Amino acid sequence: MQKIVSTLTFTSSAKDHGNYLTCFARFTRGQTLEKSIPIWVKRNMLNLDWSFTTPRSVTGLKGSCVIIPCKFTYSKTQPDGLQVIWYLYQSNGHPFVFSQKETNILSRYHGITSLTGSVTEKNCSLKIDRLEMFHNQDQLYPWVDKNPITSYHSQGYSFLDKSTQILVLDHAPEPQISIIDVPRVGDQSRISCKVQHRCFSAPPVLSLTGIPGTNRTIDSLVSDGIWERTIERTWKVEESHNQVECTVRYSGGQSAKSELLLHVE
């Protein structure tokens with residue numbers, strides 16, 4: 001009994017994926033046998049047709065929400081039916097942080113993640129509704145491809161250098177309080193207090209004490225994922241007004257305050 005082996009060496013390309021290789025065996029009496037196998041080509045992540053931009057890190061308060069800003073672009077025509085997936089970076093495996101199709105979301109992110117943008121806008125931003133201390137230092141990254149991440153090999157390349165690290169704080173930062181107009185007895189003057197945050201759906205609550213007056217609340221977008229809330233008070237200056245205090249309270253229960261001495265003219 002003899003065994004004959006024919007070995008084919010070839011360099012695969014992306015277009016070979018899903019094709020078949022067929023081996024034919026022809027015998028001296030004319031019989032022919034054949035066997036086919038499918039070609040499954042794993043593409044390198046370095047050769048993706050798309051890229052994304054996210055910040056190196058985002059900082060949020062325990063109990064509050066946070067948004068990871070994300071934009072993506074396609075070097076070729078963007079495929080139809082794209083869906084955004086987010087993963088937790090690990091040296092092995094790809095645990096889901098967010099997916100519209102998958103149900104096996106990592107337990108510590110289950111039910112608290114959602115997208116704030118749409119694929120048509122090339123927006124892949126991720127919202128985490130409620131941060132906890134066990135989210136601290138997690139590294140997250142998005143996936144925007146028709147093919148699953150497991151169809152690519154990552155030898156010599158990883159998403160670690162492009163992932164976003166989550167930093168969770170347990171203590172609230174102090175608000176910034178400042179005089180807009182010089183306070184003169186008998187005149188109208190203004191004072192403002194502001195704080196930056198990353199939870200637009202549940203912004204912090206600012207309050208001023210020490211002087212009577214009317215308030216105006218201003219919300220503004222500082223940069224992707226960072227908002228600023230300002231409370232501006234207008235009041236009639238009296239000689240007895242010598243101090244004002246601003247307090248900020250967050251949805252996670254944290255609070256902080258700042259004081260400012262008034263030098264009334």
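These questions and answers cover the disulfides of a predicted model.

Local features need pLDDT of at least 70 and side-chain atom pairs count only at pLDDT 80 or more, while totals for chains, interfaces and linings use all residues. Residues are numbered from 1 along each chain as its sequence is written, and side-chain values use heavy atoms, with hydrogens and water left out.

Colleague: How many disulfides does the rule give?
Modeller: A disulfide is taken as a pair of cysteine sulfur atoms within 2.5 Å. With the bonded cysteines numbered in sequence order, the pairing reads 1-5, 2-3, 4-6. The count comes to 3 disulfides.

Colleague: Is the disulfide of Cys65 and Cys199 right-handed or left-handed?
Modeller: The sulfur atoms of this disulfide are 2.0 Å apart. The torsion about the S-S bond is about 115°, so the disulfide of Cys65 and Cys199 is right-handed.

Colleague: Is Cys65 buried or exposed?
Modeller: Buried means under 20% relative accessible area, exposed over 50%, and partly exposed in between (1.4 Å probe, protein chains only). Cys65 has 3% relative accessibility, so Cys65 counts as buried.

Colleague: Which strands hold Cys193 and Cys246?
Modeller: A disulfide joins Cys193 to Cys246, with an S to S distance of 1.9 Å. Strands (E, at least two residues) are DSSP runs, numbered from the N terminus. The pair links distant parts of the chain, 53 residues apart, with Cys193 in strand β16 and Cys246 in strand β20.

Colleague: What is the relative accessible area of Cys23?
Modeller: Both Cys193 and Cys246 are buried. Cys23 is partly exposed, and its relative accessible area is 49%.

Definitions and conventions: Helices (H or I, at least four residues) and strands (E, at least two) are DSSP runs, numbered from the N terminus.
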